[in-house]
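I opened the notebook for this chain today.

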Amino acid sequence: MVHVGIGYDVHQLVAGRKLVLGGVEIPHPKGLDGHSDADALMHAICDAILGALGEEDIGHFFPNTDPRWKGVPSRVFLEEAARQVLLRSGRIVNVDATVIAQAPKIYPHLAGMKKCIADALGVRECQIGIKATTNELMGFIGREEGIAAMAVASVDLPF
Ligand code: MG
């Protein structure tokens with residue numbers, strides 16, 4: 001039975017942080033702020049997979065009050081989401097995601113992101129879709145105050 005899940009995440013862009021999206025470090029004067037590396041794309045994908053399992057969100061598995069997760073690469077969270085799928089004898093069918101960022105340009109990094117995400121989830125790159133769009137200069141994303149990501153995941157489960 002194929003189950004689907006949805007995920008959304010947003011982090012603030014601040015000076016003095018590295019910008020990491022989809023596991024790729026992107027040169028930019030500002031980076032995403034957060035307890036971990038604040039990789040909004042990986043977090044959204046993580047929540048989509050956990051949602052397909054009927055599980056609680058990423059914050060339940062990795063509380064941002066726990067010092068163990070301070071500064072960790074978000075790949076760790078995706079690996080855990082994939083482990084949760086395997087624990088249920090499930091299989092990730094596909095993931096599709098959109099990054100919403102006014103700047104920097106995301107497109108040149110999409111291939112690298114796909115590879116990182118596929119590796120972390122133990123799936124093939126053709127099972128991972130990532131697109132990017134701007135917010136047409138509107139709102140907090142348009143003002144480059146933050147970057148958001150949304151994702152869906154489908155997971156084949158034996159129940
Ligand atoms: Mg997050």
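Which residue just after α3 takes a positive phi? I found Ser89 there, with a phi of about 55°. Helices here are DSSP runs (H or I, at least four residues), strands are E runs of at least two, and both are numbered from the N terminus.

Ground rules next. The model is predicted, so I kept its limits in mind: local features need pLDDT of at least 70, side-chain atom pairs count only at pLDDT 80 or more, and totals for chains, interfaces and linings use all residues. Residues are numbered from 1 along each chain as its sequence is written, and side-chain values use heavy atoms, with hydrogens and water left out.

**Entry: α3.** I then listed its buried residues (under 20% relative accessible area; exposed is over 50%, partly exposed in between; 1.4 Å probe, protein chains only). They are Phe77, Leu78, Glu80, Ala81, Ala82, Gln84 and Val85. They pack against α1, α2 (58–61), β5, α4 and β7.

**Entry: α1.** I looked at how covered α1 is and found 12 of its 13 residues buried. Among them are His43, Cys46 and Asp47. Just after α1, Gly54 has a positive phi of about 75°.

Entry: Nonpolar side chains tend to be buried together in soluble globular proteins.

**Entry: the pocket.** Which residues line the largest pocket? I noted Asp9, His11, Gly34, His35, Ser36, His43, Ile58, Gly59, Phe62, Asn64, Trp69 and Phe77. By class, 4 are nonpolar, 7 polar and 1 charged. β1 (2–15) and α2 each supply at least two of the lining residues.

**Entry: two lining residues.** His43 sits in helix α1. I found His43 buried, at 8% relative accessible area. Beyond its neighbours within four places in sequence, His43 is in contact with residues including Asp9, His11, Ile58 and Phe77. Phe77 is in helix α3. Phe77 counts as buried at 4% relative accessibility. Not counting residues up to four places away, Phe77 touches His43, Phe62 and Trp69, among others.

**Entry: the loop.** Is Asn135 buried or partly exposed? I found Asn135 partly exposed, at 27% relative accessible area. Asn135 lies in the loop between β6 and α5 (139–142). The C-alpha atoms of Asn135 and Gln102 are separated by 5.9 Å, though these residues are 33 apart along the chain. Leaving aside neighbours within four places in sequence, I listed its contacts: Asn135 is in contact with Ile100, Gln102, Ile141 and Gly142.

Methods. Contact means heavy atoms within 4.5 Å. On a 1 Å grid over the protein atoms alone, a cavity is a set of points where a 1.4 Å probe fits but cannot get out, and a pocket is an open set with protein on both sides within 12 Å along at least five of seven lines; lining residues have an atom within 4 Å of a point. Ala, Val, Leu, Ile, Met, Phe, Trp, Tyr, Cys and Pro count as nonpolar, Asp, Glu, Lys and Arg as charged, and the others, Gly among them, as polar.
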